Amino acid sequence: MVYIILEKTSRLPGFYKLTPEERLRIVAEWAGLTDEEVELLKNYGNLGKELANAMIENVIGGMTYPFAVATNFRINGKDYLVPMVIEESSVVAAASHAAKMLREGDGIIAKASDPIMIGQIHLVKVDSPHYKAALILDRKNEILEHANQQDPILVKLGGGAKDLIVRVFEDTPIGPTIIVHLLVDVRDAMGANAVNTMAESIAPLLEKITGGQARLRIISNNAVYRIVRAWARTRPENVGGPEIAKRIYEASVLAEIDPFRAATHNKGILNGVIAVALATGQDHRAIEAGAHAYAARNGKYEPLSIWRVDEEGYLTGYLEMPLQIGIVGGATKVHPISRIALKILGTKTANELAEIIAAVGLAQNLAALRALVTEGIQRGHMRLHARNLAIMAGAKGDLIDKVAEEMVKAGRIRFDYAKELVEKFSKEK
Ligand code: NAD
């Protein structure tokens, strides 16, 4: 099927059935893309066209992000090179820098809980909901067994449905409601597919027991049982002296009292977390949804990490967050690069990966706080940002660094100046 576009409409029935080339032709016509732009889009990079087209719908091309490795990480007494994929400059440099500050001894310590995810079944139109909750709990073993029949592999690995929690909401705008939580140990998976299948499978049984109607049957991304804790203690000299250590502690307190600051504090943590998540093929939206829900668990949005100075003057950091990640399932084994990322890390379990990610989050957080309480975030940031501006202004090859350096030297890191410099240096050539 090939479309001839007579009017500009986004209504394109059957678009999904076309080949990527046919779709690209339509989009190129729609947007007036040049041949060069079409060629760029057609570059599927290390994913390859077939895989890209199989992964999501309506594919017309590929987009590459840089893949980097953060150095200096020592976690639980083991050295790691940490793959990171991210569009923002300075994140990898900052992570490596802070990892060096936290390297001594066993480095950053991190421990993950059992990988327990929650499957929710929302039952509406349940009369006498407290009584019905008791009926559900009375048949807990039968319900868990039914759920476990859906995933013999998971059960064989020691995972599977482990427990049931029933929450009653007697008075809601939609009448009495019961929310059942199925607690599933998902071992090395992120777990959404596994848990969703189980939630859907037990819903008819729950309807029969309660006389209610099952509505939503899906995982909760508020993964409060799948928690990773990472902590580190470092001599004040490692962060630039006792005064800087004290200011990092103050910055932590400011995030603890102020949700506006806490959001940015947590964004800094997520810079590291999501970069490793992207490199290893994780569902990063799930991680972010979980992180923010956890940050707000006490009814106020709070930082996921806390920094203090102990009585010996050492800076101590502690991070606690849910991490719903896997090394099987999802894109982790599908994307060839996430497989390589896992090989670089040498991780054999999802829990080890979660510990690495939490440790990176803690280090990333330290780097940001340290920069904020000393020279400010812009100096280091802008140096790298200057390179991006130079590229945007048309610089290529050696010219990129030349233009960036000149902007930094002049303290004028702006797009208009980058353009001016590119023109000037190009003429000089
Ligand atoms: P999956 O179903 O592809 O893989 C998990 C399965 O692999 C298990 O059920 C098990 O049978 C098998 N397995 C083999 N070895 C295992 C091991 N060592 N540990 C655990 N399981 C093992 O993937 P998944 O992790 O269940 O689901 C992840 C996908 O679900 C992601 O792509 C995510 O984007 C998607 N998803 C997310 C949401 C959400 O977060 N709200 C909703 C729907 C789908």
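Buried means under 20% relative accessible area. The legends below describe a predicted model.

**Overview. Salt bridges in the predicted model.** A search of the whole structure finds 23 salt bridges.

**View 1. Arginine 297 and glutamate 320 form a salt bridge.** The closest N and O atoms of this pair are 3.8 Å apart. Arginine 297, with 41%, is partly exposed.

**View 2. Arg74, Asp79 and Arg103 belong to one network.** Salt bridges that share partners join these residues.

**View 3. Lysine 78 and glutamate 352 meet in a salt bridge.** The contact is between the two side chains, at 3.2 Å from N to O. Lysine 78 is in strand E2 (residues 78-85) and glutamate 352 is in helix H14 (residues 350-373), so this pair links parts that are 274 residues apart in sequence. Lysine 78 counts as partly exposed because its relative accessibility is 38%. Glutamate 352, at 16% relative accessibility, counts as buried.

**View 4. Arginine 187 forms a salt bridge with aspartate 185.** Here the closest N and O atoms lie 2.9 Å apart. Aspartate 185 counts as buried, at 4% relative accessibility. Arginine 187 counts as partly exposed, at 28% relative accessibility.

Methods:
Residues are numbered from 1 along each chain as its sequence is written. This is a predicted model: local features need pLDDT of at least 70, side-chain atom pairs count only at pLDDT 80 or more; totals for chains, interfaces and linings use all residues. Side-chain values use heavy atoms; hydrogens and water are left out. A salt bridge is a side-chain nitrogen of Lys or Arg within 4 Å of a carboxyl oxygen of Asp or Glu. Helices (H or I, at least four residues) and strands (E, at least two) are DSSP runs, numbered from the N terminus. Buried means under 20% relative accessible area, exposed over 50%, partly exposed in between (1.4 Å probe, protein chains only).
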